[in-house]
Amino acid sequence: MMCTSLNSTAIREIPQGFHIRTCRPDELDIWKTIHFDDPETARNYDDFMTKYFDDVYAREGNLFFDKCLFICNEDDVPVGTCFIWKAYGSINTLHWLKVLKAYEGKGLGRALVSAVVKDLAVEDYPVFLHTHPSSFRAIKLYSDFGFALLSDPVIGSRNNDLVECLPILQEHMPAEDYKNLRICQAPEEFLEAVGSSPINQF
């Protein structure tokens, strides 16, 4: 998905009882596991998450910990995460939005996205993200902020199966939300940057 300008009406404040802060270096294991609601699945993906962190973020030193946000409960326990990352050294991307299942429906995902996009300058756009059709609630959220689905058949090393995904979204999304989805084409310079990198950061 791609956002060329922010729809500021989608921005929300942090719900009462929660706060947002950066991920600390001693919390890297929390970040690696927070994306999986099931502890066994988290263990199964530990090698993948470690390799992804090493390949994409570790090369930038402490920048990951300066960028990566946690939304925490009143006990300062992280219950969600999200951040903006300059992928391929030039493209702003929204990375790893996740709210623990027990905390869904409280507006935390919207608060996280609001926190990472509200201070972006005009020149920071477009902003990109990767998602899949089973995340139809997140797609609705992204759409509210101004993100549109990309129509390009291949993005980097990934097939973009938009034609196959649209019926899934139509089946699971409320009709009004599905009708409001927009589709656009990625700029050539974005496709060139993604396609020329040996590491998939998108």
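A: Just after α6, Gly146 takes a positive phi of about 115°. Helices (H or I, at least four residues) and strands (E, at least two) are DSSP runs, numbered from the N terminus. This is a predicted model, where local features need pLDDT of at least 70, side-chain atom pairs count only at pLDDT 80 or more, and totals for chains, interfaces and linings use all residues. Residues are numbered from 1 along each chain as its sequence is written, and side-chain values use heavy atoms, with hydrogens and water left out.

Q: How many residues of helix α6 are buried?

A: Buried means under 20% relative accessible area, exposed over 50%, and partly exposed in between (1.4 Å probe, protein chains only). Helix α6 spans residues 136-145, and seven of its 10 residues are buried. These are Phe136, Ala138, Ile139, Leu141, Tyr142, Ser143 and Phe145.

Q: What covers the buried residues of α6?

A: The cover includes strands β1 (2-3), β5 (91-99) and β7 (147-150), along with helices α5 (108-117) and α7 (162-172).

Q: Why is Leu97 classed as partly exposed?

A: Leu97 lies in strand β5. Leu97 is classed as partly exposed because its relative accessible area is 21%.

Q: Which residues is Leu97 in contact with, leaving aside neighbours within four places in sequence?

A: Contact means heavy atoms within 4.5 Å. On that basis Leu97 touches Leu141 and Tyr142, as well as Thr81, Cys82, Gly109, Leu112 and Val113. Leu97 and Phe147 are 50 residues apart along the chain, and their C-alpha atoms are separated by 14 Å.
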